[in-house]
Amino acid sequence: MPSANKKTQGETFRAREGRKLPATIRDIRERTGLSLATISKYLNGGNVLPENREKIEEAIKALDYQINEMARGLVTNKTRTVGVSVHDIGSIFCGVLLRYIGDVLKENGYSMIICDARDDEATEADNIKFFLSKKVDGIIVIPKSKKAGFLKSALNAKIPVVLLDRTIRGSNCDCVRIDNRAAAASAVNTLRDYGHSKIGIIYSEQDYTGIERYKGYREAMEDIGIEINENYIYPGQHSIEHGYESMRRLLKQKDKPTAVLTTNYEVTLGTVMAVNESNYICPDDISILGFDNLILAHVLKPQMTLVVQPMKEMGETAARLVLKHIAGSEKTASVEYILGTKIEHGNSIKRLK
């Protein structure tokens with residue numbers, strides 16, 4: 001028959017070219033002997049008899065059948081994806097959190113779509129719209145915005161949203177973060193315990209965490225009765241450049257501080273670079289207490305004394321929360337999960353008499 005002949009020629013051509021066509025649902029039917037309806041029901045998340053489930057799963061593995069999650073989503077209204085928007089994908093801090101988020105999602109059969117806000121609120125709002133167009137089941141945001149308006153479309157669509165690292169007032173979303181004021185106050189108290197009273201701060205005034213840590217610095221200085229020298233306070237961007245330039249200016253002051261609190265990883269790196277390029281030595285001439293024990297903190301000299309955040313717990317908690325809300329049917333009142341920090345001691349602080 002011509003049609004059979006044509007099929008045979010096609011199969012011979014594919015074999016000669018070494019090509020392997022992807023398995024289909026009909027291949028599973030031929031291997032298992034089950035009906036297309038039963039196989040389709042399983043593939044779309046429905047319940048089938050245990051013995052049928054075993055046959056289908058064995059066939060999927062043997063045939064290397066790839067389940068089309070987007071097609072399944074049209075039936076189940078679930079795509080098994082979570083959108084994750086980060087304020088800056090170039091930040092090592094964000095990269096570490098993404099790793100721990102991804103671990104939990106993968107363990108639970110979910111994948112993630114990552115979008116970079118590039119420290120821009122308009123881009124962050126576009127990220128949320130993109131996630132909705134991809135029919136994600138939930139969203140995690142490490143936000144840039146200080147206002148919750150950009151989340152309105154997701155919340156109106158009943159897509160669960162979890163905030164990570166930074167809260168947004170009025171968002172009515174669960175949030176996982178540290179107590180930034182308490183962390184900065186702990187850092188100031190540590191410097192005081194080493195005998196320092198001339199304490200400066202270099203911080204980011206562009207984001208929630210930087211502002212909160214600055215407030216914690218001021219409150220701690222006032223609580224322990226240390227006069228605040230406004231010449232020791234350097235607000236600016238969340239960047240290595242800001243840390244570098246600010247430390248250079250501090251070191252040029254005639255009455256310079258004896259210690260400086262740096263409130264994020266990038267700023268800490270910049271301050272160390274500035275000291276290393278100067279005629280001063282840390283901690284002999286200037287002490288530094290920074291934030292976040294990430295990659296380069298292990299190779300800096302001297303070894304830094306740092307406020308350490310529970311990065312693994314933060315990322316995993318955010319992922320489990322969004323999965324919990326995806327699985328749940330009712331929206332409960334929003335909750336803030338505030339995790340503790342610790343001081344990890346190095347030798348970047350000089351003990352004064």
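Q: What volume does the second largest pocket have?
A: Ground rules first: this is a predicted model, where local features need pLDDT of at least 70, side-chain atom pairs count only at pLDDT 80 or more, and totals for chains, interfaces and linings use all residues. Numbering starts from 1 along each chain as its sequence is written, and side-chain values use heavy atoms, with hydrogens and water left out. On a 1 Å grid over the protein atoms alone, a pocket is an open set of points with protein on both sides within 12 Å along at least five of seven lines, while a cavity is a set where a 1.4 Å probe fits but cannot get out; lining residues have an atom within 4 Å of a point. Grid points are joined across faces, edges and corners, and a volume is the space filled by probe spheres set on them, which for the second largest pocket gives about 300 Å³.

Q: Which helix gives the most to the lining of the second largest pocket?
A: The lining has 15 residues, and Lys146, Thr167, Arg169, Tyr208 and Glu212 lie nearest the pocket's centre. Helices (H or I, at least four residues) and strands (E, at least two) are DSSP runs, numbered from the N terminus. With four residues, the top contributor is H10.

Q: What is the volume of the largest cavity?
A: There are four cavities of 30 Å³ or more. H10 (208–223) and H12 (265–277) each supply at least two residues of the largest one's lining, which has two nonpolar, six polar and five charged residues. The volume of this largest cavity is about 90 Å³.

Q: Of the residues that line the largest cavity, which are the closest to its centre?
A: The lining has 13 residues in total. Those closest to the centre are Phe93, Arg166, His238, Asn264 and Asp292.

Q: Which residues line the second largest cavity?
A: This one holds about 40 Å³ of space. Its lining splits into no nonpolar, three polar and four charged residues. The names are His87, Asp119, Lys144, Arg166, Gln206, Asp207 and His238.

Q: Is Asp119 buried, partly exposed or exposed?
A: Asp119 lies in the loop between strand S2 (111–116) and helix H7 (121–133), and has a positive phi of about 55° although it is not a glycine. Buried means under 20% relative accessible area, exposed over 50%, and partly exposed in between (1.4 Å probe, protein chains only). Because its relative accessibility is 34%, Asp119 counts as partly exposed.

Q: Which residue in S10 is the bridge partner of Leu289?
A: Two strands pair if DSSP finds at least two bridges between them. S9 (residues 287–291) and S10 run parallel and are joined by three bridges. Leu289 has as its partner in S10 Thr305.

Q: Which residue in S12 stands opposite Leu306?
A: S10 and S12 (residues 342–344) run antiparallel, with three bridges joining them. In S10 (residues 305–308), Leu306 and Val308 point one way and Thr305 and Val307 the other, and all are buried. Opposite Leu306 stands Glu344.

Q: What is omega for the cis peptide bond that joins Cys282 and Pro283?
A: Pro283 is in the loop between H12 and S9. The cis bond joining Cys282 to Pro283 has an omega of about 10°.

Conventions. Nonpolar A, V, L, I, M, F, W, Y, C, P; charged D, E, K, R; others polar.
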